[in-house]
Amino acid sequence: MKMKKVIPFAMTALLFGSVAVTPTALANGGEVVVTSGAQNDEAQVQPIFIKIAGTVENVEVRDNATYYTTKEGENTNVFAVNKDTLVFDNTGKEVKLKKGDKVTAYNYANKPMLAIYPPQYNPEVIIVETEAMGSVAVGSFDKDLLSEEYSLKLNVSEETKVSSTSGKDVTVADLQEQNLLVFYAITTMSIPAQTPPTKVIILDNEAQEEAEVDTAELDPVEAAVQAIIETDFHEVEGAKMVPLRLIAEELGYKVQSTGTGAIVSKGALSFTITRGEKMYGFNKALGQFDVAPALLEPTKTYVPVTFVEELLKSK
(Lines give C-alpha, C1' and ligand atoms only; values in the text may rest on other atoms or scores of the structure.)
Protein backbone atom coordinates (compact mmCIF):
# COMPACT_ATOMS: atom_id res chain seq x y z
CA MET A 1 0.00 0.00 0.00
CA LYS A 2 1.46 3.35 -0.96
CA MET A 3 2.05 6.10 1.56
CA LYS A 4 -0.65 8.71 1.59
CA LYS A 5 0.42 12.34 1.76
CA VAL A 6 -1.85 14.34 4.05
CA ILE A 7 -1.88 18.16 4.04
CA PRO A 8 -1.84 20.51 5.74
CA PHE A 9 -2.76 18.99 9.09
CA ALA A 10 -0.99 15.64 8.77
CA MET A 11 -0.96 15.01 12.51
CA THR A 12 -4.76 14.92 12.70
CA ALA A 13 -4.81 11.71 10.69
CA LEU A 14 -2.60 10.06 13.28
CA LEU A 15 -5.06 10.58 16.07
CA PHE A 16 -7.55 8.07 14.77
CA GLY A 17 -5.21 5.61 13.08
CA SER A 18 -4.31 2.14 14.20
CA VAL A 19 -1.36 -0.02 13.54
CA ALA A 20 -1.89 -1.85 10.25
CA VAL A 21 -0.29 -5.26 9.76
CA THR A 22 -0.49 -7.81 7.00
CA PRO A 23 -2.50 -10.91 7.94
CA THR A 24 -0.86 -14.23 7.08
CA ALA A 25 -3.20 -16.67 8.78
CA LEU A 26 -6.12 -18.24 7.00
CA ALA A 27 -9.36 -19.15 8.72
CA ASN A 28 -10.94 -22.15 7.04
CA GLY A 29 -14.39 -22.99 8.30
CA GLY A 30 -13.61 -21.26 11.57
CA GLU A 31 -10.22 -22.98 12.01
CA VAL A 32 -6.94 -21.14 11.62
CA VAL A 33 -4.80 -22.98 9.09
CA VAL A 34 -1.07 -22.36 9.42
CA THR A 35 0.81 -23.85 6.48
CA SER A 36 4.41 -23.97 5.37
CA GLY A 37 5.52 -21.84 2.44
CA ALA A 38 6.05 -23.43 -0.94
CA GLN A 39 9.67 -22.30 -0.84
CA ASN A 40 10.46 -23.98 2.48
CA ASP A 41 8.41 -26.93 3.70
CA GLU A 42 10.11 -26.85 7.09
CA ALA A 43 9.42 -23.18 7.84
CA GLN A 44 6.06 -22.77 9.54
CA VAL A 45 4.20 -19.52 8.99
CA GLN A 46 3.36 -17.81 12.25
CA PRO A 47 -0.21 -16.49 12.31
CA ILE A 48 -0.60 -12.74 12.65
CA PHE A 49 -4.24 -13.15 13.60
CA ILE A 50 -5.16 -14.98 16.77
CA LYS A 51 -8.46 -16.81 16.98
CA ILE A 52 -10.69 -16.63 20.04
CA ALA A 53 -13.80 -18.82 20.08
CA GLY A 54 -16.68 -19.00 22.51
CA THR A 55 -20.39 -18.68 23.14
CA VAL A 56 -21.87 -15.29 24.02
CA GLU A 57 -23.13 -15.38 27.61
CA ASN A 58 -23.60 -11.69 28.40
CA VAL A 59 -24.11 -8.43 26.48
CA GLU A 60 -23.42 -4.98 27.94
CA VAL A 61 -23.59 -1.60 26.18
CA ARG A 62 -21.15 1.01 27.51
CA ASP A 63 -19.93 4.29 26.04
CA ASN A 64 -18.71 3.78 22.44
CA ALA A 65 -18.82 -0.01 22.32
CA THR A 66 -20.84 -3.11 23.13
CA TYR A 67 -19.13 -5.74 25.27
CA TYR A 68 -19.81 -9.42 24.65
CA THR A 69 -18.63 -11.85 27.34
CA THR A 70 -17.95 -15.29 25.86
CA LYS A 71 -17.19 -18.65 27.41
CA GLU A 72 -15.31 -21.61 25.90
CA GLY A 73 -14.75 -24.39 28.41
CA GLU A 74 -12.93 -22.78 31.34
CA ASN A 75 -11.90 -19.73 29.30
CA THR A 76 -13.76 -16.44 29.54
CA ASN A 77 -13.10 -13.55 27.12
CA VAL A 78 -14.67 -10.17 26.39
CA PHE A 79 -15.07 -8.75 22.88
CA ALA A 80 -15.40 -4.96 22.59
CA VAL A 81 -17.38 -4.37 19.40
CA ASN A 82 -17.71 -0.94 17.81
CA LYS A 83 -18.85 0.45 14.46
CA ASP A 84 -15.65 -0.69 12.74
CA THR A 85 -15.90 -4.35 13.78
CA LEU A 86 -16.93 -6.66 10.95
CA VAL A 87 -19.61 -9.12 12.10
CA PHE A 88 -20.84 -11.84 9.70
CA ASP A 89 -22.02 -15.42 9.86
CA ASN A 90 -19.92 -18.07 8.14
CA THR A 91 -21.91 -17.70 4.89
CA GLY A 92 -21.05 -14.00 4.57
CA LYS A 93 -24.35 -12.61 5.82
CA GLU A 94 -24.02 -9.49 7.99
CA VAL A 95 -25.57 -10.21 11.39
CA LYS A 96 -25.89 -8.74 14.87
CA LEU A 97 -24.43 -10.58 17.82
CA LYS A 98 -26.78 -11.88 20.48
CA LYS A 99 -26.70 -13.98 23.60
CA GLY A 100 -26.25 -17.65 22.80
CA ASP A 101 -24.31 -17.12 19.54
CA LYS A 102 -21.31 -19.38 18.97
CA VAL A 103 -18.65 -17.04 17.62
CA THR A 104 -15.05 -16.93 16.44
CA ALA A 105 -13.19 -13.64 16.63
CA TYR A 106 -10.00 -12.69 14.79
CA ASN A 107 -7.64 -10.22 16.42
CA TYR A 108 -4.18 -9.02 15.36
CA ALA A 109 -1.70 -11.05 17.41
CA ASN A 110 0.52 -8.03 18.11
CA LYS A 111 -2.33 -5.73 19.10
CA PRO A 112 -1.73 -4.25 22.58
CA MET A 113 -4.04 -5.56 25.30
CA LEU A 114 -4.93 -4.51 28.81
CA ALA A 115 -3.50 -6.68 31.55
CA ILE A 116 -6.92 -7.45 33.01
CA TYR A 117 -9.09 -10.50 33.62
CA PRO A 118 -11.03 -11.69 31.81
CA PRO A 119 -8.98 -10.82 28.69
CA GLN A 120 -10.55 -8.09 26.56
CA TYR A 121 -10.17 -7.94 22.78
CA ASN A 122 -11.20 -5.42 20.13
CA PRO A 123 -11.31 -7.86 17.17
CA GLU A 124 -11.22 -6.89 13.52
CA VAL A 125 -13.60 -9.66 12.45
CA ILE A 126 -16.19 -11.74 14.30
CA ILE A 127 -17.82 -14.75 12.62
CA VAL A 128 -21.05 -16.24 13.96
CA GLU A 129 -20.86 -19.98 13.36
CA THR A 130 -24.02 -21.55 11.88
CA GLU A 131 -24.95 -25.00 10.54
CA ALA A 132 -25.11 -23.60 6.99
CA MET A 133 -22.29 -24.55 4.61
CA GLY A 134 -19.69 -21.83 4.43
CA SER A 135 -16.02 -21.19 5.15
CA VAL A 136 -13.95 -18.08 5.84
CA ALA A 137 -10.42 -17.01 4.93
CA VAL A 138 -8.64 -13.97 6.33
CA GLY A 139 -5.27 -13.11 4.87
CA SER A 140 -3.01 -11.38 2.40
CA PHE A 141 -3.35 -12.31 -1.29
CA ASP A 142 -0.85 -11.62 -4.07
CA LYS A 143 -1.32 -10.33 -7.62
CA ASP A 144 -2.58 -13.78 -8.69
CA LEU A 145 -5.01 -13.85 -5.74
CA LEU A 146 -3.00 -16.62 -4.11
CA SER A 147 -2.82 -16.55 -0.34
CA GLU A 148 0.51 -15.80 1.28
CA GLU A 149 0.69 -19.37 2.59
CA TYR A 150 0.09 -20.77 -0.93
CA SER A 151 -2.91 -22.65 0.47
CA LEU A 152 -5.83 -20.96 -1.30
CA LYS A 153 -6.29 -19.51 -4.78
CA LEU A 154 -9.27 -17.27 -5.51
CA ASN A 155 -11.06 -17.63 -8.85
CA VAL A 156 -13.21 -14.52 -8.76
CA SER A 157 -16.11 -14.33 -11.20
CA GLU A 158 -18.84 -11.84 -12.02
CA GLU A 159 -20.97 -13.61 -9.44
CA THR A 160 -18.57 -12.75 -6.62
CA LYS A 161 -19.67 -9.81 -4.48
CA VAL A 162 -16.70 -7.49 -4.03
CA SER A 163 -16.54 -4.58 -1.56
CA SER A 164 -14.22 -2.77 0.86
CA THR A 165 -14.36 -1.75 4.51
CA SER A 166 -13.65 1.86 3.51
CA GLY A 167 -16.79 1.94 1.35
CA LYS A 168 -14.87 2.68 -1.84
CA ASP A 169 -16.07 1.14 -5.10
CA VAL A 170 -13.74 -1.71 -6.03
CA THR A 171 -13.25 -4.15 -8.89
CA VAL A 172 -11.65 -7.57 -9.17
CA ALA A 173 -8.35 -5.92 -10.10
CA ASP A 174 -8.39 -4.05 -6.77
CA LEU A 175 -8.20 -7.35 -4.88
CA GLN A 176 -4.61 -7.92 -5.91
CA GLU A 177 -1.97 -7.61 -3.19
CA GLN A 178 -4.51 -6.74 -0.52
CA ASN A 179 -5.63 -8.01 2.87
CA LEU A 180 -8.92 -9.80 2.26
CA LEU A 181 -11.84 -11.33 4.13
CA VAL A 182 -13.11 -14.14 1.91
CA PHE A 183 -16.30 -16.21 2.08
CA TYR A 184 -16.59 -19.42 0.06
CA ALA A 185 -18.51 -22.70 0.02
CA ILE A 186 -16.44 -25.19 -2.01
CA THR A 187 -12.81 -25.80 -2.94
CA THR A 188 -10.92 -28.12 -5.25
CA MET A 189 -8.75 -30.95 -3.91
CA SER A 190 -5.67 -29.48 -5.60
CA ILE A 191 -2.60 -27.87 -4.01
CA PRO A 192 -3.19 -25.04 -3.55
CA ALA A 193 -6.91 -25.43 -3.15
CA GLN A 194 -8.93 -23.21 -5.47
CA THR A 195 -12.30 -21.67 -4.80
CA PRO A 196 -14.89 -19.47 -6.49
CA PRO A 197 -15.60 -17.13 -3.54
CA THR A 198 -19.10 -15.86 -2.95
CA LYS A 199 -17.97 -12.64 -1.27
CA VAL A 200 -14.66 -10.81 -0.88
CA ILE A 201 -14.09 -7.75 1.33
CA ILE A 202 -10.92 -5.66 1.10
CA LEU A 203 -9.71 -4.78 4.59
CA ASP A 204 -8.75 -1.20 3.80
CA ASN A 205 -10.20 0.67 6.74
CA GLU A 206 -9.83 4.40 6.09
CA ALA A 207 -8.53 5.05 9.58
CA GLN A 208 -5.66 2.67 8.88
CA GLU A 209 -4.89 4.31 5.54
CA GLU A 210 -4.92 7.77 7.06
CA ALA A 211 -2.45 6.60 9.68
CA GLU A 212 0.08 5.95 6.91
CA VAL A 213 1.21 9.55 6.77
CA ASP A 214 4.36 10.47 4.94
CA THR A 215 6.66 11.57 7.74
CA ALA A 216 8.25 14.05 5.35
CA GLU A 217 5.07 16.11 5.82
CA LEU A 218 5.71 16.39 9.58
CA ASP A 219 8.15 18.55 11.48
CA PRO A 220 10.49 16.76 13.96
CA VAL A 221 8.17 17.31 16.94
CA GLU A 222 5.11 15.97 15.13
CA ALA A 223 7.14 13.03 13.84
CA ALA A 224 8.17 12.21 17.40
CA VAL A 225 4.55 12.39 18.58
CA GLN A 226 3.55 10.17 15.66
CA ALA A 227 6.08 7.57 16.72
CA ILE A 228 4.71 7.55 20.28
CA ILE A 229 1.10 7.19 19.09
CA GLU A 230 1.97 4.33 16.75
CA THR A 231 4.06 2.32 19.21
CA ASP A 232 2.78 3.06 22.73
CA PHE A 233 -0.98 2.68 23.02
CA HIS A 234 -3.79 0.58 24.49
CA GLU A 235 -7.40 0.13 23.41
CA VAL A 236 -10.05 0.70 26.07
CA GLU A 237 -13.79 0.64 25.38
CA GLY A 238 -13.17 1.21 21.69
CA ALA A 239 -10.86 4.20 22.27
CA LYS A 240 -7.15 4.40 21.51
CA MET A 241 -5.29 5.46 24.68
CA VAL A 242 -1.85 7.10 24.53
CA PRO A 243 0.68 8.13 27.24
CA LEU A 244 -0.07 11.63 28.54
CA ARG A 245 3.33 12.69 29.87
CA LEU A 246 5.40 11.46 26.92
CA ILE A 247 3.28 13.29 24.36
CA ALA A 248 2.69 16.44 26.41
CA GLU A 249 6.38 16.92 27.18
CA GLU A 250 7.28 16.27 23.54
CA LEU A 251 4.95 19.16 22.65
CA GLY A 252 6.62 21.46 25.18
CA TYR A 253 4.15 21.19 28.07
CA LYS A 254 5.12 21.03 31.74
CA VAL A 255 3.58 17.98 33.42
CA GLN A 256 3.13 18.06 37.21
CA SER A 257 1.95 14.88 38.93
CA THR A 258 -0.90 15.24 41.44
CA GLY A 259 -0.86 11.66 42.71
CA THR A 260 -4.21 10.92 41.06
CA GLY A 261 -3.43 12.50 37.72
CA ALA A 262 -1.55 15.51 36.41
CA ILE A 263 -1.62 19.23 35.70
CA VAL A 264 -0.44 19.88 32.15
CA SER A 265 0.46 23.49 31.41
CA LYS A 266 2.06 25.64 28.75
CA GLY A 267 1.84 29.42 28.65
CA ALA A 268 -1.78 30.42 29.29
CA LEU A 269 -3.07 26.86 28.81
CA SER A 270 -3.64 24.54 31.76
CA PHE A 271 -5.32 21.13 31.92
CA THR A 272 -6.14 19.34 35.17
CA ILE A 273 -6.58 15.62 34.54
CA THR A 274 -7.68 13.01 37.08
CA ARG A 275 -7.47 9.28 36.51
CA GLY A 276 -10.85 7.56 36.52
CA GLU A 277 -12.75 10.79 35.76
CA LYS A 278 -14.03 11.76 32.33
CA MET A 279 -14.28 15.46 33.20
CA TYR A 280 -11.08 17.51 33.13
CA GLY A 281 -10.31 21.14 33.90
CA PHE A 282 -9.35 23.42 31.03
CA ASN A 283 -8.28 26.85 32.35
CA LYS A 284 -11.55 27.98 34.01
CA ALA A 285 -13.74 25.71 31.90
CA LEU A 286 -14.44 21.96 31.75
CA GLY A 287 -13.81 19.39 29.05
CA GLN A 288 -14.81 15.75 28.79
CA PHE A 289 -13.03 12.59 27.62
CA ASP A 290 -14.90 9.80 25.86
CA VAL A 291 -13.03 7.35 28.09
CA ALA A 292 -11.59 8.23 31.50
CA PRO A 293 -7.77 8.48 31.84
CA ALA A 294 -6.24 5.41 33.44
CA LEU A 295 -2.97 4.06 34.81
CA LEU A 296 -2.56 1.35 32.19
CA GLU A 297 1.15 0.77 32.85
CA PRO A 298 3.20 1.42 36.00
CA THR A 299 3.64 5.21 36.52
CA LYS A 300 2.10 5.95 33.08
CA THR A 301 -1.29 7.66 32.71
CA TYR A 302 -3.00 7.14 29.37
CA VAL A 303 -5.64 9.42 27.80
CA PRO A 304 -7.78 9.11 24.65
CA VAL A 305 -5.76 9.96 21.55
CA THR A 306 -8.31 12.65 20.65
CA PHE A 307 -6.91 14.73 23.52
CA VAL A 308 -3.73 15.21 21.49
CA GLU A 309 -5.78 17.58 19.28
CA GLU A 310 -6.21 19.89 22.28
CA LEU A 311 -2.49 19.79 23.03
CA LEU A 312 -1.63 20.54 19.41
CA LYS A 313 -3.64 23.78 19.44
CA SER A 314 -0.86 25.55 21.29
CA LYS A 315 1.89 24.33 18.97
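Phe307 counts as buried in this predicted model, with a relative accessibility of 2%. Phe307 also takes part in an aromatic cluster, together with Tyr253, Phe271, Tyr280, Phe282 and Phe289.

**Aromatic rings**

- There are 9 aromatic pairs in the structure.
- One of them joins Tyr280 and Phe307 in an edge-to-face arrangement, with 5.4 Å from centre to centre and 80° between the planes.
- This pair links distant parts of the chain, since Tyr280 lies in strand β23 (residues 279–282) and Phe307 in helix α5 (residues 307–312), 27 residues apart.
- Tyr280 has a relative accessible area of 8%, which is under the 20% cut-off, so Tyr280 is buried.
- Phe307, at 2%, falls under that cut-off too, and therefore counts as buried.

**Charges over rings**

- Lys240 places its charged end over the ring of Phe233, at 4.6 Å from the ring centre.
- Lys199 places its charged end over the ring of Phe183, at 6.0 Å from the ring centre.

- Strand β17 covers residues 199–202, and both of its faces are covered.
- Lys199 and Ile201 lie on one side of β17, Val200 and Ile202 lie on the other, and all of these residues are buried.
- In a regular strand, side chains alternate between the two faces of the sheet.
- β17 pairs in the parallel sense with strand β14 (residues 161–164), over 4 bridges.
- Within that pairing, Val200 is the bridge partner of Val162.
- β17 runs antiparallel to strand β15 (residues 178–184), and 4 bridges join these two strands.
- Strands of a sheet pair through backbone hydrogen bonds, in either the parallel or the antiparallel sense.

**A sheet of 7 strands**

- Another part of the structure to look at is an open sheet of 7 strands with mixed pairing, in the order β8-β11-β9-β5-β6-β7-β10.
- β8 (86–89) and β10 (120–121) stand at the edges and have a single partner strand each, so one side of each lacks a neighbour in the sheet.
- Strands β6 (residues 65–72) and β7 (residues 75–81) run antiparallel and are joined by 7 bridges.
- Tyr67 has Ala80 in β7 as its bridge partner.

- Thr195 lies in strand β16, which spans residues 193–195.
- Its relative accessible area is 0%, under the 20% cut-off, so Thr195 is buried.
- The side chain of Thr195 reaches the backbone oxygen of Ile186 at 2.6 Å.
- Leaving aside neighbours within four places in sequence, the residues in contact with Thr195 include Leu152, Leu154, Tyr184 and Ile186.
- Lys153, Asn155 and Thr187 are also among the contacts of Thr195.

**The protein as a whole**

- Among the contacts with a separation of 6 or more, 62% are between residues 24 or more positions apart.
- The protein exposes about 16,200 Å², and carbon and sulfur atoms supply 51% of this area.

How values were computed: Residues numbered from 1 in each chain as written. Predicted model: local features only at pLDDT ≥ 70, side-chain atom pairs only at ≥ 80, totals over all residues. Heavy atoms only, no water. Buried < 20%, exposed > 50% of the residue type's maximum accessible area, 1.4 Å probe, protein only. Pairing = 2+ DSSP bridges. Contact = heavy atoms within 4.5 Å. Areas by Shrake-Rupley, 256 points an atom, 1.4 Å probe, with all protein chains shown as cover. Phe/Tyr/Trp six-rings, centres within 6.5 Å; stacked < 30°, edge-to-face > 60°. Lys NZ or Arg CZ within 6 Å of the ring centre and 35° of its normal. Polar contact = N/O pair within 3.5 Å; in protein donor to acceptor, adjacent residues only side chain to side chain.
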